[in-house]
Amino acid sequence: MTLNEIKDILQAEVLTFKFDENMDIEMVCSTDLMSDVLAYSKPGVLLLTGLVDGAAVRTADIAHVKAIVFVRGKRPSKETIVLANEKNIPLLATKLSMFEACGRLYVNKLQTSIEAG
Amino acid sequence: METTEGVFFITGKDFANAGVASCELKSILEKIGVDRGIVRRTAISAFEAEMNVVIYTPAGMMRYKVTPDYIKIVVEDVGPGIENIDLAMTEGYSTATDEIRSLGFGSGMGLPNIKKNTDELKILSIPGIGTTLEMVINIKKE
């Protein structure tokens, strides 16, 4: 699925000028715990999170996360958006809850990036 | 590939810049042309170690050395030290405050995750003095 399709499904707004609408996404990691992204997530995923500070973008950079969607209507600071543009990581924001955002992506055949323990 | 060395200084409790050193190291490894998977393992290990310095200590430093055979990262701090290293290596064990957890960290996965992503990990910690982590990630397969 492309990032542009995900944007439409989540009724999301694009926050960065770096936005590759054809970016291919197959797996999703949804968490507010950056420790979990580092410990469990596979590379090349979409991150859904409510954590909006720079640590989310740096964690994404380190863990090879392709793009981030902020849920629950949360908005990052300008500094965080600048950082994401520097790191070439697209940021999107949706008013949907984490639950609904995950549900919409799941029924559209996107897969989890975290294997069950 | 030539040997590359460098050092970053890390300021404790500076959450706005937490992870900057590790992101810079990742960028250096990518420019050198290190394998993408090894870059990720190295960056995750460095990032976890850097976050521990930021969260728990007043200051620290990260030294790195990249050779054709391996990457070595040494992270030293002047923090409170680790009382029980075996306990600290247990997944989920953490002494982080609620403030740290609200930032998405401190869930007790740091050291176990470093162990998982490195080929060698040595921890030297003296309570009241500080902690040194020595991490090695092999580039060439043995």
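The model is predicted: local features need pLDDT of at least 70, side-chain atom pairs count only at pLDDT 80 or more, and totals for chains, interfaces and linings use all residues. Residues are numbered from 1 along each chain as its sequence is written, while chains are lettered from A and ligands numbered from 1 in the order in which they are written.

**Chain A: overall values**

| Property | Value |
|---|---|
| Box filled by the C-alpha atoms of chain A, along the principal axes | roughly 35 × 30 × 25 Å |
| Buried residues of chain A | 45% of the 117 residues |
| Contacts of chain A with a separation of 6 or more that join residues 24 or more positions apart | 56% |

A residue is buried if 20 or more other C-beta atoms lie within 10 Å of its own, with C-beta atoms placed from the backbone. Two residues are in contact if their C-beta atoms, placed in that way, lie within 7 Å.

**Fold of chain A**

Chain A contains five helices and six strands, arranged from the N terminus as α-β-β-α-β-α-β-α-β-α-β. These elements are DSSP runs numbered from the N terminus, helices being H or I with at least four residues and strands E with at least two. The six strands of chain A build an open, mixed sheet in the order S1-S5-S4-S3-S2-S6; strands pair if DSSP finds at least two bridges between them. Strands S1 (13-14) and S6 (111-112) of chain A each have a single partner strand, so one side of each lacks a neighbour in the sheet. S6(A) runs parallel to strand S2 (residues 27-30) of chain A, the two being paired over two bridges. Within this pairing, A:Met27 has A:Gln111 as its bridge partner.

**Core**

The largest nonpolar core comprises 69 residues, and A:Leu47, A:Ile68 and A:Val69 have the most contacts inside it. H2(B) gives the most to this core, with 11 residues. Such a core is a set of buried Ala, Val, Leu, Ile, Met, Phe, Trp, Tyr and Cys residues joined through C-beta atoms within 7 Å. Beyond its neighbours within four places in sequence, A:Ile68 contacts A:Leu47, A:Thr49, A:Ala56, A:Ala60, A:Ile89 and A:Leu91.

**Contact between the chains**

Chain A contributes 17 residues to the contact and chain B contributes 18 residues. On the side of chain B that touches chain A, helices H1 (20-32), H2 (36-56) and H5 (110-117) of chain B each supply at least two residues. H2(B) gives the most to that side, with five residues.

Methods: Buried ≥ 20, exposed ≤ 12 C-beta atoms within 10 Å, placed from the backbone.
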